[in-house]
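Reader: I would like a close look at one part of this protein, its charged side chains. Please walk me through them and keep it brisk.

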Amino acid sequence: MPYWFNVDTGQVETDETRSQDANVLGPYPTEDAARAALQSAKERTEAWDAEDREWDERGTSGSAPA
């Protein structure tokens, strides 16, 4: 059964209790994974931001293509 995390209420929901799509993150395979949704999203965002910074730094410090 998929689980969802409701960002408005802070509650884990199932398909039977799920709120509107705009208010939920998921699906997640377990209730614990859904409960950790905000932390997981934060970690992914930080990793993507770091990748973007590295990409930008390579683009500005490298020589222009011939």
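Author: Start with a definition. A patch is made of residues with over 30% relative accessible area and no salt bridge, and like charges are joined within 9 Å. Note also that this model is predicted.

Now the patch itself. Asp49, Glu51, Asp52, Glu54, Asp56 and Glu57 form a negative surface patch. Take Asp49 as the example. Asp49 sits in helix H2, which covers residues 37-61. Its relative accessible area is 36%, so Asp49 counts as partly exposed.

The protein has two helices and three strands. Their order from the N terminus is β-β-β-α-α. Of its 66 residues, 15% count as buried. The protein exposes about 5100 Å², and carbon and sulfur atoms supply 51% of that.

Patch residues make no salt bridge. Other charged residues do. Side chains of opposite charge can pair when their charged atoms come close. The structure holds four salt bridges.

Helix H2 carries one of these pairs. Lys42 bridges to Glu46, with the closest N and O atoms 3.6 Å apart. Both residues lie in helix H2, four residues apart, about one turn of the helix. Lys42 is partly exposed at 46% relative accessibility. Glu46 is partly exposed too, at 43%.

Helix H1 is next. Arg35 and Glu31 meet through their side chains in a salt bridge of 2.8 Å, N to O. Helix H1 spans residues 31-35 and holds both partners, four residues apart, about one turn of the helix. Arg35 has 46% relative accessibility, so it counts as partly exposed. Glu31 has 36% and is partly exposed as well. Asp32 joins in: salt bridges link Glu31, Asp32 and Arg35 in a network.

Then there is Asp21 with Arg18. Their side chains form a salt bridge of 3.3 Å, N to O. Asp21 is exposed, with a relative accessible area of 57%. Arg18 is partly exposed at 32%.

For contrast, look at a buried residue. Thr14 belongs to strand E2, residues 12-14. Its relative accessible area is 17%, so Thr14 counts as buried. Leaving out residues up to four places away in sequence, Thr14 touches Met1, Pro2, Tyr3 and Trp4.

Back to your charges, then.

Key. Residues numbered from 1 in each chain as written. Predicted model: local features only at pLDDT ≥ 70, side-chain atom pairs only at ≥ 80, totals over all residues. Heavy atoms only, no water. Patch = residues over 30% accessible without salt bridge, like charges linked within 9 Å, V, L, I, M, F, W, Y side chains within 5 Å. Areas by Shrake-Rupley, 256 points an atom, 1.4 Å probe, with all protein chains shown as cover. Lys, Arg positive; Asp, Glu negative; His and termini not counted. Charge placed at Lys NZ, Arg CZ, Asp CG, Glu CD. Buried < 20%, exposed > 50% of the residue type's maximum accessible area, 1.4 Å probe, protein only. Contact = heavy atoms within 4.5 Å.
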